[in-house]
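These are some points on the model, set down in the order in which I would raise them with a colleague.

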Amino acid sequence: MIENRPWLTFVSHATLLTGIALVALPVWMALVASTHPASAFGVGHIPLWFGDAGAETWGAVLFDKAGNGVDVPVWFMMLNSLIMALGITFGKIAISLLSAYAIVFFRFPFRNLCFWIIFMTLMLPVEVRIVPTYEVVANLDLLNSYTGLTLPLIASATATFLFRQCFLSIPGELVEAARMDGAGPWRFFFDILLPLSRTNIAALFVILFIYGWNQYLWPLLITTDDAYYTLVMSIKRMLSVTDGDIAWNQIMATTLLAMLPPVAVVIGMQKLFVKGLVDSEK
Amino acid sequence: MTDVILEKVGKTYPNGYHAIPSVDLSIEEGEFIVLVGPSGCGKSTLLRMVAGLESISTGELRIRGERMNEKEPADRDIAMVFQNYALYPHMTVYDNMAYGLKNRGMAKDLIAEKVSDVAAMLGLTELLQRKPRQLSGGQRQRVAMGRAMVRDPKVFLFDEPLSNLDAKLRVQMRVEIRQLQRKLGTTTLYVTHDQVEAMTLADRLVVLNKGKAEQIGTPMDLYNKPATPFVAAFIGSPSMNLLDAHLTEQGITVSDELTLPLSHPHRGAIVWGIRPEHLDVSDEHNADFALRIQAVESLGAETLIHGKVETTSGQGDAMVVRLSGPHLPDINSLMWLKAPAQYWHLFDAVTQQRL
């Protein structure tokens with residue numbers, strides 16, 4: 001639709017700018033806050049421009065221990081978060097690729113039943129099954145471990161469904177041509193299927209990485225050892241101060257750091273992400 | 001030497017549908033066999049059974065004397081060209097052609113040599129590094145053929161390979177396929193629903209109807225001596241005039257009142273056929289019958305005249321006449337026609353067999 005009406009242009013730009021301001025203002029506030037001393041927030045007015053305590057705050061956040069019972073520095077928790085997020089992402093992609101592959105391309109009894117059972121797990125996110133899952137993980141002696149952080153979150157009905165749809169859209173002739181070319185199940189999977197679902201994998205990577213990075217409840221529950229603390233759950237811990245001031249400047253800086261990796265992933269993979277959602281080159 | 005033998009080959013689907021009752025066919029080495037028939041006649045199913053993409057329910061398939069029923073498609077030493085080409089979209093033309101050889105563990109330099117040979121033969125050398133989506137329909141078709149050719153198989157299988165091309169390109173590719181097949185001398189099984197394609201390509205044709213081979217023979221056999229009314233109607237364009245008739249001592253009675261003299265031992269209901277191109281314009285005294293003209297299609301080089309056999313009841317059968325050159329008769333006028341007896345085709349109305 002191409003229209004040339006000045007007032008329409010004005011209104012749409014105004015709407016967009018308001019939207020951007022609404023989204024960006026809190027981020028801006030956090031950035032500004034991280035450059036003021038912690039006490040600046042207790043005095044009633046909120047600063048809107050950078051202060052002079054920036055270097056000090058950021059230095060402390062990055063390299064000192066986070067405090068408030070968190071015995072490891074922020075960069076270490078970022079590393080933990082990254083390991084968890086990547087573990088969940090790659091685990092989910094690998095498992096759902098394989099299950100979708102089995103469901104779409106192999107004839108075995110109760111194939112459809114399997115699919116619907118997987119599909120029904122959509123109704124059982126971690127929050128619903130958290131007590132039994134905890135029990136299982138505890139019995140397997142996986143509390144305070146990376147395996148315990150990632151494994152229970154790896155099964156994914158959504159991703160399986162997405163890959164199933166993607167595989168179903170691959171023409172039957174292509175599968176047959178590969179068969180004539182002597183490609184067995186593994187060859188077909190790696191040579192044909194994986195390259196063809198490249199864009200879908202990229203799109204899922206973005207979504208799942210953010211999902212994994214933002215995990216809060218699960219890591220909070222199963223980690224008691226500081227060495228496995230993740231960043232997102234620790235922000236809450238940094239807030240629970242029983243005496244003394246809350247270090248708002250440090251918390252804001254930590255929050256910004258926690259936002260950084262998802263933003264980087266989205267920006268870095270934006271092109272593939274959009275492509276994966278809207279078109280397929282089949 | 002007989003290359004491919006289908007012995008009482010049949011297909012029954014798990015739901016009980018009898019797609020192909022039983023087909024017998026033996027193909028000589030280097031022969032170009034076309035399977036032709038209307039959609040749903042089982043021609044693609046039969047091809048896919050030879051390919052190994054569909055299982056064979058009954059009978060036996062042998063290639064060079066070896067039973068193939070249980071073999072995987074890749075182990076049958078055949079190559080197939082699909083209707084929608086089925087090129088791997090993420091691979092270059094080179095990789096598309098090399099993929100089958102790679103999977104067979106062929107040495108890299110040998111693959112490169114084979115691919116470049118075939119590419120040169122098909123005029124694809126310039127396109128080897130392109131992806132399929134950057135190619136035109138005709139080029140994709142060529143790549144699909146190249147992919148089959150590099151394998152140097154015993155048998156080529158084509159599943160309606162030209163149906164996605166425009167009319168002009170189709171004619172061009174048809175000629176090209178024929179020339180290539182002659183040059184390579186590879187036994188070929190080709191499926192199409194287009195009778196022109198079938199007639200021009202085939203050494204021998206197999207006309208399939210509801211899973212049964214109605215007739216197997218050279219294009220001219222089928223044109224001159226169709227075994228059944230189905231083959232008669234299917235081969236030739238416009239198709240043969242087929243009229244319900246009766247054979248009596250006086251001859252053939254057409255449209256209930258018109259009698260064409262003929263002495264033939266058979267009696268009873270028959271189907272009388274004559275091709276539109278075999279009807280001659282005549283005058284009132286020599287003509288066998290008259291046609292009331294209903295429509296005229298002028299194509300320049302030839303004219304097709306549609307009409308009804310003129311009878312007192314006005315319920316005569318519809319017929320088509322094909323005349324060479326331009327003609328412009330009036331609609332509703334009468335046209336006197338002679339039907340030379342040597343071009344008649346008689347079929348038993350019950351058994352549908354040629355008399």
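1. UniProt positions are given here in the numbering used for this structure, and such annotations may be inferred rather than shown by experiment. With that caution, and bearing in mind that the model is predicted, the unreviewed UniProt entry places the feature "transmembrane region" at residues 7-31, 82-106, 113-134, 146-167, 188-211 and 246-267 of chain A.

2. Two of these annotated spans can be set against the computed geometry.

3. A:Phe105 belongs to helix α3 of chain A, which covers residues 74-105. Is this side chain's residue buried, partly exposed or exposed? Because its relative accessible area is 22%, A:Phe105 counts as partly exposed, the limit for buried being under 20%.

4. Beyond its neighbours within four places in sequence, A:Phe105 is in contact with A:Phe167, A:Val175, A:Phe188 and A:Leu193. The C-alpha atom of A:Phe105 is also 8.9 Å from that of A:Leu168, although 63 residues separate the two along the chain.

5. Two packed helices are described by the angle between their axes and the distance between the axes. For helix α1 (residues 6-33) and helix α13 (residues 248-268) of chain A, the axes come within 8 Å and cross at roughly 130°. That angle is why α1(A) is described as oblique to α13(A), and the crossing is left-handed. On the α1(A) side the contact is made by A:Val27, A:Ala30, A:Leu31 and A:Ala33, and on the α13(A) side by A:Asn249, A:Met252, A:Leu256 and A:Met259. By class, the residues of this contact divide into 7 nonpolar and 1 polar, with no charged residue.

6. Helix α13(A) also packs with helix α2 (residues 54-63) of chain A, at an angle of about 65° and with the axes 9 Å apart; here the crossing is right-handed. A:Thr57, A:Trp58, A:Ala60, A:Val61 and A:Leu62 of α2(A) meet A:Asn249, A:Gln250, A:Ala253, A:Thr254, A:Leu256 and A:Leu257 of α13(A). The residues of this contact comprise 7 nonpolar and 4 polar, with no charged residue.

How values were computed
Residues are numbered from 1 along each chain as its sequence is written. Chains are lettered from A and ligands numbered from 1 in the order in which they are written. This is a predicted model: local features need pLDDT of at least 70, side-chain atom pairs count only at pLDDT 80 or more; totals for chains, interfaces and linings use all residues. Side-chain values use heavy atoms; hydrogens and water are left out. Helices (H or I, at least four residues) and strands (E, at least two) are DSSP runs, numbered from the N terminus. Buried means under 20% relative accessible area, exposed over 50%, partly exposed in between (1.4 Å probe, protein chains only). Contact means heavy atoms within 4.5 Å. Axes are lines fitted to C-alpha atoms, for helices over the stretch in contact, and angles run from 0 to 180 degrees between N-to-C directions. Angles under 35 degrees count as roughly parallel, over 145 as roughly antiparallel, 65 to 115 as roughly perpendicular and the rest as oblique. A crossing is left-handed if the near helix is turned anticlockwise from the far one by less than a right angle, and right-handed if clockwise. Ala, Val, Leu, Ile, Met, Phe, Trp, Tyr, Cys and Pro count as nonpolar, Asp, Glu, Lys and Arg as charged, and the others, Gly among them, as polar.
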